[in-house]
Amino acid sequence: MDKALAIIPARGGSKRIPRKNIKDFLGKPIIAYAIETALTCGLFSDVMVSTDDHEIAEIAKNYGASVPFLRSENNANDFASTVDVIKEVEKEYDARFSTVFDRICCIYPTAPLIKTEHLLAGISLMRESDFDSVFPVVPFSYPIWRGLEVVNGKVQMVWPENQNVRSQDLKPVYHDAGQWYWYNPSKITDSLFTTNTASIILSEEEVQDIDTPSDWLMAEMKYKLLYEK
């Protein structure tokens with residue numbers, strides 16, 4: 001069986017929603033949903049939270065995650081990327097514990113709609129076809145090929161050749177669901193998206209990016225729709 005690590009990156013300096021990673025989401029800190037799903041899915045030998053923040057660290061440990069070290073100052077600012085953070089975690093596990101993982105899953109702390117079945121689908125896809133990474137995507141709710149732009153005060157189609165094409169005949173386009181990334185650490189260096197990356201497709205009801213207070217309310221509505229039937 002693969003030796004797999006779950007990394008939940010949760011720095012303390014969120015700007016648009018202060019303390020977003022530990023804000024109450026339907027009765028418990030939002031980060032708890034990612035931690036609990038990672039712990040109960042049976043896929044990981046360790047579930048760790050990468051943070052620079054002592055309060056987040058304590059809450060993470062209370063919900064069962066490990067925080068074996070704090071994130072460095074260099075990777076706790078607005079400019080550090082997800083790859084910067086996960087590579088630091090890999091390096092620290094190797095240096096401190098002589099531990100190298102076969103598979104790693106980076107799970108975002110503000111993904112309360114995460115499902116075990118989707119994590120299982122992701123790792124299964126990686127194993128079957130030896131992909132470098134796998135992550136969930138969701139289709140755009142409106143065909144982007146009918147997108148409009150405003151030029152000199154007048155509206156026009158970005159792709160006018162699609163003006164009379166039926167929407168069902170337009171190629172589907174997806175965006176990152178922003179929930180998790182399975183990856184092979186020996187294949188990933190500076191990006192989680194390579195030419196050998198695959199995806200699983202989620203429905204719009206299963207995905208909510210949370211950047212604003214209205215996003216937060218929408219996520220709570222979707223959670224109730226999915227889990228409180």
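Guide: Let's start with a term: buried means under 20% relative accessible area, exposed over 50%, and partly exposed in between (1.4 Å probe, protein chains only). This is a predicted model, where local features need pLDDT of at least 70 and side-chain atom pairs count only at pLDDT 80 or more, while totals for chains, interfaces and linings use all residues. Residues are numbered from 1 along each chain as its sequence is written, and side-chain values use heavy atoms, with hydrogens and water left out.

Visitor: Is valine 155 buried or exposed?

Guide: Valine 155 sits in strand E8, residues 154–157 (strands are DSSP runs of at least two residues, helices of at least four, numbered from the N terminus). Its relative accessibility is 56%, so valine 155 counts as exposed.

Visitor: What is the N to O distance in the salt bridge of glutamate 206 and lysine 115?

Guide: A salt bridge takes a side-chain nitrogen of Lys or Arg within 4 Å of a carboxyl oxygen of Asp or Glu. Glutamate 206 is buried, and lysine 115 is too. For this pair, the N to O distance is 3.2 Å.

Visitor: How many residues apart in sequence are the parts that aspartate 211 and lysine 20 tie together?

Guide: These two form a salt bridge, with their closest N and O atoms 3.9 Å apart. Aspartate 211 is in the loop between strand E11 and helix H5, and lysine 20 is in the loop between strands E1 and E2, so the parts they tie together are apart in sequence by 191 residues.
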